[in-house]
Amino acid sequence: MTTSEVYQGQFGGFTIDQSDRNGVIIYRSGLMVAALSFAIGTAIVLLTNNPLAIQALTPLYTCFSLALGVSLLTIHIYLAPLHRLLQAFWLIGSIAAFYVGHSDSQPFAVTVYTQPLTILGIGFTFAALTGIYFKEAFCFNRLETKALTLIVPILLLGHLVGILPTQWEQVLLATWAILFIVFAVRKAIQAIPPDIGDKSVFAYLKQKRTDSKIPN
């Protein structure tokens, strides 16, 4: 019988079980699917004007959004309110994207590009994604996620207010897609325990929330 390795956390020892590992694998798989969907969509936008190809952006965005939702469900974040906030952002963005996609006869991507105000809705999805980038930059000091934490709001807000030349938008979009793939690949080969974090902190915070609900 094998004995699980005991890790020393801030509030005591803890072990990592298969359920923990599966959660990380699902989180990373979601990121990979989201990154690939985003990269393929970006290549279509930048390299072709084929109307049929543009139509393919809608299912690609759907795949990207669903995969991101899976990652947000399984990501390990110590602060539960922040975790729920990112999930709420994703939900708001998803509802907005569904509305935009069904309220205009044009392809989804064309509507978003030609009507920048739609970013006020679907932008919540990308705010949630930026939250993941920020978390990874803070926890693992990753250069690509530090860059992405800046690139995403600059591109979206720049397009929203119309201050970015088209060429700059194309460069930022391509850079985003490339760095997203780099991020997803590096996560895939990273050791699993660091992504689980200090389980003793999760246990402590959970106990603290439980104690706060008990009347004096």
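A definition before anything else: a crossing is called left-handed if the near helix is turned anticlockwise from the far one by less than a right angle, and right-handed if clockwise. Helices here are DSSP runs of H or I with at least four residues, strands are runs of E with at least two, and both are numbered from the N terminus.

Now the source of what you see. This is a predicted model, in which local features need pLDDT of at least 70 and side-chain atom pairs count only at pLDDT 80 or more, while totals for chains, interfaces and linings use all residues. Residues are numbered from 1 along each chain as its sequence is written, and side-chain values use heavy atoms, with hydrogens and water left out.

The overall picture. The protein has ten helices and two strands, and the order from the N terminus is β-β-α-α-α-α-α-α-α-α-α-α. Of its 216 residues, 42% count as buried; buried means under 20% relative accessible area, exposed means over 50%, and partly exposed is in between, with a 1.4 Å probe and protein chains only. Taking contact as heavy atoms within 4.5 Å, residues 24 or more positions apart account for 71% of the contacts with a separation of 6 or more.

Next, the helix pairs. Axes are lines fitted to C-alpha atoms, for helices over the stretch in contact, and angles run from 0 to 180 degrees between N-to-C directions. Helix 1, residues 18-47, and helix 3, residues 57-74, have axes that come within 8 Å and cross at roughly 155 degrees. The pair is therefore roughly antiparallel, where the cut-offs are under 35 degrees for roughly parallel, over 145 for roughly antiparallel, 65 to 115 for roughly perpendicular, and oblique for the rest. The crossing of helix 1 and helix 3 is left-handed. Their contact has 16 nonpolar, six polar and no charged residues. For those classes, Ala, Val, Leu, Ile, Met, Phe, Trp, Tyr, Cys and Pro are nonpolar, Asp, Glu, Lys and Arg are charged, and the others, Gly among them, are polar.

Helix 6 and helix 7 also have axes that come within 8 Å, and they cross at roughly 165 degrees. These two are therefore roughly antiparallel, and helix 6 passes helix 7 in a left-handed crossing. Helix 6 contributes residues including Phe126, Tyr133 and Phe134, and helix 7 contributes residues including Leu148, Val152 and Leu156. By class, that contact has eleven nonpolar, four polar and two charged residues.

On to helix 7 and helix 8, the latter being residues 166-189: the axes come within 10 Å and cross at roughly 145 degrees. This crossing is left-handed too. Among the residues in contact are Ile151 and Leu155 of helix 7 and Trp176 and Phe180 of helix 8. The contact divides into 13 nonpolar, three polar and three charged residues.

Tryptophan 90 lies in helix 4, residues 80-103, and its C-alpha is 6.8 Å from that of glycine 69, 21 residues apart along the chain.

The other is asparagine 141, in the loop between helix 6 and helix 7. Most residues other than glycine have a negative phi. Asparagine 141 has a positive phi of about 55 degrees, and at 54% relative accessibility it counts as exposed.
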